[in-house]
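Here are some notes for a colleague who is opening this entry without having seen it before. Please read them with the sequence and the structure side by side.

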There are 2 protein chains.
Amino acid sequence: MEVDERSSGEHGASAGEEGDAGSGSLPRAELDLSQFLPYRLNRLADRISDELERMYAERYDINVAQWRVLAWLSHCDELTAKKICGYTNMDKARVSRAVQALEDRGLIHREPSVHDQRVHDLHLTPAGEELLASLVPDAQAWEAELVATLSVGEYRDLFNAMGKLERQLERIGRR
Amino acid sequence: MEVDERSSGEHGASAGEEGDAGSGSLPRAELDLSQFLPYRLNRLADRISDELERMYAERYDINVAQWRVLAWLSHCDELTAKKICGYTNMDKARVSRAVQALEDRGLIHREPSVHDQRVHDLHLTPAGEELLASLVPDAQAWEAELVATLSVGEYRDLFNAMGKLERQLERIGRR
DNA sequence: GCAATATAGTTTCTTGTGAAACCATTTGTC
DNA sequence: GACAAATGGTTTCACAAGAAACTATATTGC
């Protein structure tokens, strides 16, 4: 591994490398946000989300929550609100509202499960499928453009790293 | 619902393919969210943000916006709200509120600039410095734990990839 | 069979946020 | 100098989203 002039932290997330070494004052707690992973990741995700949301809203008049529900339905066809909560990490109230909106627009169908009346089985209506048939390629094209500057290897590594972080987050979280 | 079928597409974000089966059933538009970068990135960032926010709130009673202002102040010492908007990508109203809250708590000081009465120069108070001196190490320790499973190379590559995506986003955005 | 408890989903309440209106000051233009 | 435009920052308004209360159904223990 390259041993370079990486600053103190194991990975280099640290601060103050501008050489204002001994100006006489106490050691300022300093944090270089541009090297702070949570900050960078969050800002990037926010920007991406903003752009995509704008596209969804303009062209299809749906918000992110609704989009996620649709996408998962395209993937699994039969789902319940509870499951969607788990997959998407969204609050159940948020899912509930998204589902309601989609049903009102006739994009999904909802009926009480035969086995458990509390549960509602969800699936796409033909109209929903149609909308997805148009939206999905748009989303993929947009993503393709976004990652156009990454090599296939970089793209794969990125997903790998995200996977590792997610698992580590799990580990940290349960404590 | 393990989704491990790596599918085609330049980078792997994939979906329903051709196979246009003539009249009748249209090819299902399908999107594997777990391989869709915006979704993955957003979910990861959200989770990280949630965890960190909880820590900030519990231990220091500050929210993310306030934290960002403090961190930038630790870095630059003299700032204006406008600049913070630029650095953090936050709305100016949001910055305004964060600044106000921090001032109310005596963590930062704010005074009209000598040269331009519209502008307010911001800097940390001793109390603010003190809080940061305690908060920053916490944040860094937390980040270190988060990235503990990444090698130095993976960590560096991750930042590289994020940088590329940000720049590409810029390019896409201005259109 | 019937309380007590748990679960899926909805509704209510509160809060944080972005958009737009607004205020105060500065910078131009004549 | 005076009026118009621009700029930094605050406030108002509308709304999305999380927390908690609530409803309806299921499950468990007795």
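1. In this predicted model, the side chains of Lys164(A) and Glu154(B) meet in a salt bridge, with 2.9 Å from N to O. The count of salt bridges between chain A and chain B is six, and across the same interface 17 residue pairs are found in polar contact, both residues of a pair being at pLDDT 80 or more.

2. On the side of chain A that touches chain B, at least two residues each come from helices H1 (37-60), H2 (64-76), H3 (81-88), H5 (126-146) and H6 (152-173) of chain A. H6(A) gives the most to this side, with 16 residues, and the residues of the side as a whole divide into 41 nonpolar, 17 polar and 20 charged.

3. The contact draws 78 residues from chain A and 80 residues from chain B. The area buried between the two chains is about 8,300 Å², and carbon and sulfur atoms give 62% of that area.

4. Chain A is superposed on chain B by a rotation of 179° with 0.0 Å of shift along the axis, at an RMSD of 0.2 Å. That is the relation of a two-fold axis, and the same surface serves both copies, since 97% of the contact residues of chain A recur in chain B.

5. Within chain B, His120(B) lies in strand E2, residues 120-124, and counts as partly exposed at 31% relative accessibility. Leaving aside residues up to four places away in sequence, His120(B) touches Leu79(B), Thr80(B), Arg110(B), Glu111(B), Pro112(B) and Ser113(B). His120(B) and Leu79(B) are 41 residues apart in sequence, while their C-alpha atoms are 8.2 Å apart in space.

Note on methods:
Residues numbered from 1 in each chain as written. Chains lettered and ligands numbered in written order. Predicted model: local features only at pLDDT ≥ 70, side-chain atom pairs only at ≥ 80, totals over all residues. Heavy atoms only, no water. Least-squares fit on C-alpha atoms with pLDDT ≥ 70 in both. Contact = heavy atoms within 4.5 Å. Helix = DSSP H or I, 4+ residues; strand = E, 2+ residues; numbered from the N terminus. Buried < 20%, exposed > 50% of the residue type's maximum accessible area, 1.4 Å probe, protein only. Buried area = accessible area lost by both parts, 1.4 Å probe. Salt bridge = Lys/Arg side-chain N within 4 Å of Asp/Glu carboxyl O. Polar contact = N/O pair within 3.5 Å; in protein donor to acceptor, adjacent residues only side chain to side chain. Nonpolar A, V, L, I, M, F, W, Y, C, P; charged D, E, K, R; others polar.
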